[in-house]
Amino acid sequence: MNAVTMGRQDRQTPEAGEALEGLARLRLSGLLTAGTAPQLRALVRDAVERGRARVVVDLQGVTGLDAAGIAALLEARRMLQAQTGGTLVLRANRIVCRALRTSRTIAAFALSPGTGM
Amino acid sequence: MDTPSGSHPRPAERGVVISRGTRVYLRTMTPQDLDHLSTWVDDPFLERMVGSEFMHAYKHVWDKAPAFYEAILTDPTQVALVVEAYQGWTKPVGVVRLFNIHLLEGYAFLETIIADLRAMKRGFGIEAGKLISYYGVDVLGLRRLEAKVYEYNVLSMNSLRRNGFRQEGILRQAGFDGERYWDLMIFGILRDEIEAVRRRDKVYLPLDPSEGNGREPT
């Protein structure tokens, strides 16, 4: 398999007492590699251009990632940090966590609770 | 509710084109590429000239197992791309890769393997090295690349110099070819120097919209 499936979910209204305006949720599944990472970059770029300063990337369905995939996540983090109050949060599974540890980049990311460490 | 996007094309079976030059282009690996790799790793000339850990691992550690493809594809410390020449070539001519990638520190190692003997001395290796260097800077955010070459591999040393690499040192008698020890020459290049090569050569070509480069063409 050499593909990543991506979905987008925007929340512009408060939910469960939490203000979620400006939050974008991206859900990825499959491989996040050199061949598919440009899609993630485009989605994050789109979210930033639409004023979403906070992005949650759900990687629970990702089955593998290479250096290009991790670089795309790092660039997403940089793009968002360039925004006032911008943040990137990853919801990762064991495969993703192992790749982030192997590449020694895990400390660079904010991981959501429940992440498969 | 998630909305799976159907607008993104699935990577082609022939791999996703990552970068294009005037003589060669680079694409992602496919499982079928292992057939070529299987032939290349049995070439004693290549083994002596390149001494590639990548090829050594496929032959001796993985015993040419198909699972090697998945392992390479999902290795978070490397990006391995297949080198294809444009005209008159029906098979890939080699592999180029960045390995031991340190994304936060911004450095990696470069290995260029032109495996088809007929493809040598045509500038394919120079351009493949150049394209993946640009990829390293533009997409991976690297600021330094390093390469090692056996002292007798003059062709590779000249290719690196043509691409702006500088010799930074010598690892004395660090290589062994089965008969004797050889020096390893260390080459390096920094981001500014890669940019200088890009301004000089202008080999980068814009990709089609369906192709998979993360960088906006300039």
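Predicted model: local features only at pLDDT ≥ 70, side-chain atom pairs only at ≥ 80, totals over all residues.
Which residues of E3(B) are buried on one side, and which on the other?

Residues are numbered from 1 along each chain as its sequence is written, while chains are lettered from A and ligands numbered from 1 in the order in which they are written.

**Chain A**

Select chain A and colour by secondary structure. Chain A has three helices and five strands (helices are DSSP runs of H or I with at least four residues, strands are runs of E with at least two, and both are numbered from the N terminus). Along the sequence the pattern is β-β-α-β-α-β-α-β. Of its 117 residues, 46% count as buried; a residue is buried if 20 or more other C-beta atoms lie within 10 Å of its own, exposed if 12 or fewer, and partly exposed in between, with C-beta atoms placed from the backbone. Among contacts in chain A with a separation of 6 or more, 72% are between residues 24 or more positions apart (a contact requires C-beta atoms, placed from the backbone, to lie within 7 Å).

**H1 and H2 of chain A**

Next select residues 37-49 of chain A, helix H1, together with H2(A). The two pack at an angle of about 10 degrees with their axes 9 Å apart; axes are lines fitted to C-alpha atoms, for helices over the stretch in contact, and angles run from 0 to 180 degrees between N-to-C directions. H1(A) is therefore roughly parallel to H2(A), a label given to angles under 35 degrees. Show side chains at the contact: H1(A) contributes A:Ala37, A:Leu40, A:Arg41, A:Val44 and A:Val48, and H2(A) contributes A:Ala68, A:Gly69, A:Ala72, A:Glu75, A:Ala76, A:Met79 and A:Leu80. By class, nine of these residues are nonpolar, one is polar and two are charged (Ala, Val, Leu, Ile, Met, Phe, Trp, Tyr, Cys and Pro count as nonpolar, Asp, Glu, Lys and Arg as charged, and the others, Gly among them, as polar).

Now pick A:Ala67, which is found in H2 of chain A. A:Ala67 is buried, with 29 other C-beta atoms within 10 Å. Leaving out residues up to four places away in sequence, A:Ala67 touches A:Ser103 and, in chain B, B:Pro76, B:Thr77, B:Gln78, B:Val79, B:Ile101, B:Leu103 and B:Leu140.

**The largest nonpolar core**

A nonpolar core is a set of buried Ala, Val, Leu, Ile, Met, Phe, Trp, Tyr and Cys residues joined through C-beta atoms within 7 Å. The largest has 87 residues, and those with the most contacts inside it are A:Val55, A:Ala68, B:Leu26, B:Val83, B:Ile132 and B:Leu140. Helix H2 of chain A, residues 67-81, gives the most to this core, with eight residues. Centre on A:Val55: not counting residues up to four places away in sequence, A:Val55 touches A:Ala24, A:Leu26, A:Val44, A:Ala47, A:Ala76, A:Leu80 and A:Leu88.

**Chain B and its sheet**

Move to chain B, which has seven helices and eight strands. Of its 218 residues, 42% count as buried. Eight strands form an open sheet in the order E1-E2-E3-E4-E5-E6-E8-E7, with mixed pairing (two strands pair if DSSP finds at least two bridges between them). The edge strands are E1 (17-20) and E7 (166-176), each pairing on one side only. From one strand to the next the twist averages 25 degrees.

Select residues 79-85 of chain B, strand E3. Seven of its seven residues are buried, so E3(B) is largely enclosed by the rest of the structure. The opening question is settled here: B:Val79, B:Leu81, B:Val83 and B:Ala85 are buried on one side, and B:Ala80, B:Val82 and B:Glu84 on the other.

E3(B) pairs antiparallel with E2(B), residues 24-28, over five bridges; the bridge partner of B:Val24 is B:Ala85. Five bridges also join E3(B) to E4(B), residues 94-102, again antiparallel. In E4(B), B:Val96 stands opposite B:Leu81 and B:Arg97 stands opposite B:Ala80.

**Two positive phi values**

Most residues other than glycine have a negative phi. Select B:Asp63, where phi is positive at about 50 degrees. B:Asp63 is found in the loop between helices H3 (53-61) and H4 (67-73) of chain B, and counts as exposed with 8 C-beta neighbours inside 10 Å.

Finish at B:Gln173, where phi is positive and near 50 degrees. B:Gln173 is found in strand E7 of chain B and counts as exposed, with 12 C-beta neighbours inside 10 Å.

Key:
Contact = placed C-beta atoms within 7 Å. Parallel < 35°, antiparallel > 145°, perpendicular 65-115°, else oblique.
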